[in-house]
Amino acid sequence: MRKENIRYWITYLLLIIFFILGAVFYRQPFIVLIILLLAILPVFSIAILLFFYHNLEIKVSRVTPSVSIGHDIELVLSVINTSPFSFLNIELFYTFGNLFYERSKPQVISLFANAKKTSTFIQTYGTPSCGMIDITFDKLIITDYLHLWTVELPVPAPVNVPVFPKEITLTKEVVIPDSTGEEDDVTDSPLGQLSRDIKDIREYIPGDQLKDIHWKVSAKKDDLFVKLYETNAVRMIYLLPELTKPLLNDTIATLQALSKYLLYKREAFRIVIFSVTDKTIINKDINSAEDIDDAILKLYYCPSYDMKEAAYYNYKAQSGNEQEILVISGKEITVR
Amino acid sequence: MNSPFKNIFMSEKKLSALYKQQQGIEQGVYLEKLDTNNGKVRRLPDRLLTCILRSLLIFMASFGTIGGVISAFELPYNPYFVIPAFIIISVVISMIYYNRLLFYLGYFLIFFIFAFLTFSYYWYINSGFQAFLNTLYGQYSDYFLMSSLREGTEIITNRTLTISITMIYVGTFLAILLNITISGYMNLLETFLVTFPILQLALYIELKPGSPYLILLIAAYITVGILGRSSHYKLPTVKKPKDNYITIRKKKRDYHSYLSCGMGMLRLTIQSIVITAVLIVVFLGSFYRSFSAEFVRNKLKSTTDEYVKLFVQNGIMGFFDRYPSTGGLGKGKLGGVSQVRPDYQTDLRVTYVPYSSDTIYLKAFVGGDYVGNAFAADEDNTSLFDGVYSQRSMYALSDYTHPNFDYAKMQVENLDADYTYNYMPYDTVVANTVNGLEYKYDKYDYIGDRYFSSKYPSNSDGVVTYELVYDPFIPSDSYELSSHISAKYTDYVYDRYTDFPGYLTPGLDSICDDAGLTAMKNEYERKYTYGDYSKEATKYRLEMLDTLYTYFLDNYDYTMAPGTTPYNNDAVIYFLTQQKRGFCAHFASSATLLLRDLGIPARYVEGYVLTSSEMANSEAISPDTSGWISSNDFIEFDDTGVVTASITDANAHAWVEVFIDGYGWIPYEFTPPDFNSGSDDEFAFGDIFTGLFQTNTGGIDVLGNTTINYTFNFDASFGFILRPLLMVVCGVIIIAILIVLINPLIRLIMIWHYTRKHAYDKAVTISYKALVKKLYRKKYISSRNMLVEKVFDQVLYSEIKTKKKSADKLTKLRTNILNKYDAEVITACIEVITRSIYSNRNISKEEYKKCSLFIASCK
């Protein structure tokens with residue numbers, strides 16, 4: 001029995017006393033019958049609960065693994081009831097939230113369990129912001145029909161669903177900071193000076209510079225091909241996203257777009273995952289699209305903040321990295 | 001951040017959208033919606049089923065109530081007509097909640113159909129209703145021993161038809177109410193309040209509704225209670241039919257509750273009906289036989305009885321008095337008080353030496369002319385008695401020290417009684433000296449209140465001292481014409497005190513005929529003449545009085561709560577011919593007028609009575625009686641002394657003075673004793689609890705009123721509650737023991753059965769499941785749904801996380817098992833158990849034996 005049950009006990013006892021007084025004064029068989037029912041029903045109610053609550057189980061049976069921003073997350077709760085009794089009062093206490101923001105106030109869902117059946121309940125969450133959605137189940141209680149007794153069952157494991165930003169394309173030219181490597185045989189590119197050694201060729205896509213077109217191959221293949229140059233082995237680009245709250249969506253989207261662009265350009269770069277609270281630094285080298293997602297997921301566990309460029313100054317002070325880095329704040333990419 | 005709820009007039013939809021937007025801004029995520037049934041959009045069947053199930057509950061409650069009452073009164077009806085009609089009505093009414101259109105139009109349609117049917121079948125409904133009321137009044141009259149007062153006209157005499165139609169009519173009305181309490185709120189209390197009072201019509205007078213109706217009604221109560229508590233009874237909202245949940249946002253938490261579940265409701269309803277049926281079959285028969293309210297005597301029940309009787313006889317107007325209804329003198333007013341409610345405060349304090357066990361009357365008001373619903377105070381006719389007074393004024397106290405006349409003194413202190421009256425005992429002979437003269441008043445000439453009020457001044461403490469002779473009227477004695485009664489006075493008495501309004505004559509004559517008094521009157525007139533003071537004439541007159549009293553005793557009931565007389569009805573005639581129940585004023589006034597109708601002079605008197613009860617409860621003042629009584633010879637009691645008795649307003653009384661020719665006025669008691677409630681008419685809230693522990697051991701006092709002495713009697717009060725409760729508790733304990741015993745027994749039988757059939761795998765499975773249940777209960781394993789090897793791994797090898805006591809036991813168990821079996825055997829057993837449970841292959845007998853032993857050792 002729990003504290004919540006006490007008021008129901010008191011109400012119930014008062015009800016019984018009321019009817020007993022009625023029976024004492026008026027001595028009607030029907031009132032006596034009602035008293036008997038009132039005396040028996042709690043026993044039935046509690047017995048049903050204690051005998052059959054083992055037959056109840058709640059599972060998170062399906063959950064959307066990840067979504068992009070604006071798409072809904074679906075969480076399916078399955079209530080499995082193998083007992084012959086419906087409607088034992090099931091209450092699931094949980095909270096949810098995006099790790100960048102405050103958590104929700106406690107939520108309670110009152111579920112029904114159909115007898116000998118699995119009932120499914122779908123929760124749909126709207127995602128206006130990217131980040132890690134966390135749904136944590138705190139308590140699962142089963143109460144008998146009359147709310148006189150309560151038992152607690154193990155809760156399902158927490159659910160984490162990342163919300164990725166919408167893919168965008170970079171609209172501004174990005175200036176790559178100076179590298180620390182050799183500067184011979186370099187050429188200009190939107191990302192700065194790149195090595196002149198041709199590593200590979202690929203098909204032309206709009207936006208490629210004319211000077212990179214490999215005319216010979218293009219003529220042979222009857223299609224446009226561009227030259228891919230060997231990057232400088234010692235050059236490393238640092239991307240530092242600022243997790244300023246109002247700009248979060250743009251920051252993460254820009255980070256993703258820039259990362260993809262750099263990856264496409266075969267630049268060597270790393271995303272700096274910096275937590276402004278515990279000052280931990282993770283430099284995530286990006287070699288594939290999965291690495292970008294992985295870095296973003298790690299980033300989702302970092303706290304957000306209200307100030308601008310808090311990450312940059314803290315990172316500078318913490319890391320001692322003197323190299324220029326690309327700081328991403330909203331849609332802005334600045335070389336610092 | 002501004003609250004999204006700042007505009008309280010915002011629509012629910014907008015509020016919800018705003019809330020989500022707010023959540024999105026604050027939390028980066030919001031709960032969009034909840035859904036059941038795995039996201040299927042179409043919720044129509046469940047919605048329909050929910051409505052139909054609610055209609056089932058409405059049917060159960062309404063038909064259980066109406067049918068229960070009708071069956072209790074044993075009225076006929078056609079079930080093949082009524083039951084389908086109730087079902088259709090319940091379904092139609094519950095479907096009002098199906099959607100918005102039906103919700104708004106439904107009530108209008110039902111109202112118009114209801115009105116149309118009312119006009120169309122008015123006479124059927126009216127006749128059925130009259131038939132029900134006639135039966136009800138008849139039953140209530142029988143129960144309360146009242147004369148049947150009502151006989152409504154049934155225009156259509158086919159009761160089966162009229163009652164059936166009336167049941168449907170009333171049932172429709174009830175179903176509309178129940179639709180609100182059940183479909184709208186699923187509220188048990190409201191459902192109970194709507195149905196239970198109707199059933200009380202029968203239950204109050206111990207009529208027994210049929211068991212099927214009670215099963216329906218109580219099952220409806222249980223289902224409504226459980227559904228109401230579970231909150232899974234509501235339809236998806238009319239506005240948003242796809243939303244099958246409600247969200248209640250509170251300060252600390254949001255509460256989301258899924259709404260209806262048709263199949264769950266159906267299952268629950270069926271389970272409730274089964275449970276109720278079993279309980280009623282088990283209990284009801286025995287309780288109907290065991291308990292009877294006839295023997296209930298407590299103040300609350302008596303008070304309720306009085307009000308019920310008031311209501312049955314006078315309707316709702318019976319509860320409203322036309323003048324104050326507390327105790328004390330009514331000053332001749334009749335019929336306007338529904339119930340006398342004394343305050344039991346002391347009005348008079350009387351100091352005297354108790355000399356007789358007879359009731360002592362303290363006379364105050366004398367009613368002369370009857371003026372319709374009241375007796376007018378008698379006039380001051382002193383001029384008539386000039387001669388008498390002048391003659392008597394010569395007497396002094398010493399004149400009454402006749403050997404035949406013992407005298408005594410009585411002091412009456414007026415504390416809270418009406419100060420316009422003296423409260424003078426009969427046989428008063430001498431009063432205080434006023435203006436140098438000593439007056440004496442006796443039984444002959446005391447005619448009114450105003451005249452003597454000036455003659456009996458009180459002292460500074462408000463105490464009046466009366467001196468009286470003990471000279472009781474003895475019917476068997478022979479009385480000669482008193483020298484104090486002049487012919488003039490006798491003429492006056494016969495002229496004045498046999499008069500009454502002429503419109504009363506038919507009513508009074510019919511009662512006199514019925515009581516046989518008219519014949520006696522004729523006989524009297526044949527044998528004697530008025531004014532004949534012979535012993536025979538006096539005796540015959542007294543016989544007439546006794547006959548009238550017996551008639552009252554046989555045909556009328558005493559009650560402090562008779563109800564008011566309806567307007568435009570004469571109180572006396574209404575009492576005599578219809579009401580037939582009342583208190584002393586009713587009996588005294590009726591007797592006065594009946595005697596006048598018979599030609600016997602009579603007058604209506606009010607005052608206080610000093611009974612043996614007050615005498616017994618009096619306060620002793622002094623054992624020395626000198627100066628209070630002339631001698632102890634005429635006193636009935638030994639060793640008595642001077643006492644002070646308190647007289648409350650409950651002792652206010654009305655009686656009749658009858659003129660005995662040649663002797664004068666004698667008081668005569670026409671009020672029959674109260675056999676029903678006795679002296680427990682007073683009811684105060686606190687008495688509820690004293691009444692709990694009291695039982696009646698009383699008798700009838702000298703006034704004829706029943707007295708009730710209460711003593712604690714636990715068995716009588718609580719016994720009948722305790723017995724069934726103990727039965728229930730014992731029953732539950734026995735059932736619990738049986739459950740505990742039966743499970744292993746069934747298991748053993750099953751194992752025995754399977755081993756006989758060589759289905760060893762099934763026998764092992766049963767043993768293993770029992771083992772897992774036990775291990776889980778002892779918390780040796782974390783779940784009941786684990787693989788076999790994991791179960792034994794947790795039992796035998798895992799880290800022990802349970803409490804110390806439990807851990808010790810588990811350690812002991814482990815040691816036993818591991819000492820008894822080596823690892824290979826354990827592995828082999830686990831393999832056999834796994835095979836038994838998860839495969840179709842059977843196991844050998846040896847394997848079974850080995851496994852059984854292993855499982856047994858694990859317990």
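1. Strand 5 of chain A and strand 3 (residues 254-258) of chain B run parallel and are joined by four bridges.

2. Some housekeeping before going on. This is a predicted model, in which local features need pLDDT of at least 70 and side-chain atom pairs count only at pLDDT 80 or more, while totals for chains, interfaces and linings use all residues. Residues are numbered from 1 along each chain as its sequence is written, and chains are lettered from A and ligands numbered from 1 in the order in which they are written.

3. Now the contact between the chains. Chain A and chain B each put in 55 residues, where two residues are in contact if their C-beta atoms, placed from the backbone, lie within 7 Å. On the side of chain A that touches chain B, the elements giving two or more residues include helix 1 (3-26), helix 2 (29-52) and strand 5 (107-111) of chain A. Helix 2 of chain A gives the most, with ten residues. By class, this side of chain A has 32 nonpolar, 19 polar and four charged residues (Ala, Val, Leu, Ile, Met, Phe, Trp, Tyr, Cys and Pro count as nonpolar, Asp, Glu, Lys and Arg as charged, and the others, Gly among them, as polar).

4. Next, please look at strand 17 (residues 326-329) of chain A, which is covered on both faces: Leu326(A) and Ile328(A) on one side are buried, and so are Val327(A) and Ser329(A) on the other. A residue is buried if 20 or more other C-beta atoms lie within 10 Å of its own, exposed if 12 or fewer, and partly exposed in between, with C-beta atoms placed from the backbone.

5. Strand 17 of chain A has neighbours to trace as well. Strand 14 (residues 237-241) of chain A pairs with strand 17 of chain A in the parallel sense over three bridges, and Leu240(A) stands opposite Val327(A). With strand 18 (residues 332-335) of chain A the pairing is antiparallel, over four bridges; there, Leu326(A) has Val335(A) as its bridge partner. Strands 17 and 18 of chain A form a hairpin with two residues between them, and Gly330(A) in the turn has a positive phi of about 65°.

6. Turning to chain B, you will find 26 helices and 23 strands. Of its 859 residues, 38% count as buried. Among contacts in chain B with a separation of 6 or more, 76% come from residues 24 or more positions apart.

7. One residue of chain B is worth a visit: Arg747(B), in helix 21 (residues 714-756) of chain B. Leaving out residues up to four places away in sequence, Arg747(B) touches Ile766(B) and Ala770(B). Arg747(B) and Ala763(B) are 16 residues apart in sequence and 9.1 Å apart in space, C-alpha to C-alpha.

Methods
Two strands pair if DSSP finds at least two bridges between them.
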